[in-house]
Amino acid sequence: MLDDSLKAQLKSYLERVTSAVEMRGLLEDIIGLSDKITLKTDGTDARKPSFSLNRIGSEMSLRFAAIPMGHEFTSLVLALLWTGGHPPKVEPGVIESIQALDGDFNFEVYMSLSCHNCPDVVQALTLMSVYNPKIKTVIIDGALYQDEVNAREVMAVPSIYLNGSHFGSGRMTVEEIVTKLDTGAADKDAARLSAKAAYDVLVVGGGPAGAAAAVYAARKGIRTGIAAERFGGQVNDTLAIENFISVLETDGPKFAMGLDAHVKAYGVDVMNLQRGDKLIPAATPGGLVEVQLANGGSLKSKTVIVTTGARWRNVNVPGEQEYKNKGVAYCPHCDGPLFKGKRVAVIGGGNSGVEAAIDLAGLVEHVTLIEFGEALRADAVLVKKLHSLANVTVHVSAQTTELTGDGNKLNGLSYTDRTSGESHHIALEGCFVQIGLVPNTEWLKGTLELSKHGEIIVDSRGQTSVPGVFAAGDATTVPFKQIIIAAGDGAKAALGAFDHLMRSSAPAA
């Protein structure tokens, strides 16, 4: 068993690893820290460096074609723990679903050590390989196997292959992967959800606003549920958080884990992988509000708090959807290493766009930043840093008109100079879109009053246009889309919902 001291020693070692030739030293250090682990060096795997983890008496198949540093350090520790028999922190039903999967599943997952989305996929497939011998997994660091990445045209991580064919890209939880493999899982899940008793407060959305709303509601001692498509929401895609008061510095995935732990500490009924599809207001005053889910299930509650947040805004030009994950990307921290030594563009001149260009400039051959406005909108210190970089070109008053490709992957970007009217084309291999967010409120059109931008209109208590339905966070008209503001909004909406419950249940005078 690996205790905190052992983990600290491992982490210290991993921070010193600089090349593949040190992998053997890493493995020898690991076995030196536990008498439960032995090392064999007679492997013949074609990928070098690589190593596999095996449990004596088991047919499990798990291989790291990587030196798991950075964000994957935790993945290595968990792989050792689970292989050694330590129980994972997942619901028993998830393990049962993994063990019930029947078939031959040979997974390969390409990741990068700087990707904060990759560990979820790596750890999910690791867990599945440990608990079902029919599931075989190879975890591949794309930076170490560049020829393989190029041959398969992997242009976004994490990227998953199953039995040689592309299975999926982007963050996926173990529940999502199991559901995708088990075609009957969605129907069973829908029936299970529909059978649940009504809630006092049902939160739809699991970001900072949703988590705060659930905690504040549960602290009132009332029946609280939270249905989230992805717990943590957009926070999961945030690399560094340095402005949440009292927390000097953290990262998005760690912050999201804290939200999850806080909510569960109050006994909130957490329903993951659930996307709202339709909101049905109460038929009578004091009646139940119904939320129909995308999987066919349905939940009912006396009050509902909508905290569905926002997603990356698309540039909406020809080629964007066609070449998404084939050169068009939205997370420079995740996918940047795949474009090492190549030419890329960044669309967007705000803080996120300029920060992305600065980060990418240290990895790629050249960065071209495209900004629609007449000047960059980022903070002055960032703009100054950007202009100091020799391998960055900036075009302002530039309207992106098309993302071009050869049918398989991106090969360029076309834009129009808004001052001269001239059209230009830039040859490149990657394009990162960084132009802001759009609220996840399409499913509410015709039910709640929305602004012209699609945001939910709320009052000072978070109340929407429908009695008993509240909203909070980035999906609403509240200005300044910040984590700390969303969390405060969530708390306020929960208190508003509780006040509504008290007043609607009070006896008539």
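Two notes before we start. Residues are numbered from 1 along each chain as its sequence is written, and side-chain values use heavy atoms, without hydrogens or water. Since this is a predicted model, local features need pLDDT of at least 70 and side-chain atom pairs count only at pLDDT 80 or more, while totals for chains, interfaces and linings use all residues.

Let's begin with a sheet. Helices (H or I, at least four residues) and strands (E, at least two) are DSSP runs, numbered from the N terminus. Two strands pair if DSSP finds at least two bridges between them. Here three strands form an open, antiparallel sheet in the order β18-β19-β20. Which strands are at the edges? They are β18 and β20, each pairing on one side only. On average, neighbouring strands are turned by 25° against each other, direction ignored. The axes behind such angles are lines fitted to C-alpha atoms, for helices over the stretch in contact; angles run from 0 to 180 degrees between N-to-C directions.

Now walk along the sheet. β18 covers residues 398-405, β19 covers residues 410-417, and seven bridges join them. Gln399 has Thr416 of β19 as its bridge partner. The two strands form a hairpin with four residues between them, and Gly407 in the turn has a positive phi of about 100°. Next, β19 pairs with β20 (residues 423-427) over five bridges. Tyr415 stands opposite His424, and Leu413 has Ile426 as its bridge partner. This hairpin has five residues between the strands, and Gly421 takes a positive phi near 85°.

On to β2, residues 61-65. Is this strand mostly covered or uncovered? Mostly covered: four of its five residues are buried. Buried means under 20% relative accessible area, exposed over 50%, and partly exposed in between (1.4 Å probe, protein chains only). β2 runs antiparallel to β1 (residues 51-53), with three bridges. Phe51 stands opposite Phe64 there. With β4 (residues 135-141), β2 pairs in the parallel sense over five bridges.

Now two helices. The axes of α12 (residues 351-361) and α13 (residues 380-387) come within 10 Å and cross at roughly 30°. Contact means heavy atoms within 4.5 Å. On the α12 side, the contact is made by Asn351, Val354, Glu355, Ala357 and Ile358. On the α13 side, Leu382, Val383, Lys385 and Leu386 take part.

Next, the cores. A nonpolar core is a set of buried Ala, Val, Leu, Ile, Met, Phe, Trp, Tyr and Cys residues joined through side-chain atoms within 4.5 Å. The largest one has 74 residues; Phe107, Met128, Ile177, Leu181 and Val367 touch the most other members. Helix α5 (residues 118-131) gives the most to this core, with eight residues. Take Leu181. Leaving aside its neighbours within four places in sequence, Leu181 contacts Leu101, Phe105, Phe107, Met128, Leu162 and Phe167. Another core lies apart, with 31 residues, among them Ala217, Ala256, Val263 and Ala497.

Last stop: helix α9, residues 208-218. How many of its eleven residues are buried? Ten. Among them are Pro208, Gly210, Val215 and Ala217. The buried residues of α9 pack against β7 (199-204), β8 (224-228), α10 (252-265), β12 (298-306) and α14 (483-505). In soluble globular proteins, nonpolar side chains tend to be buried together.
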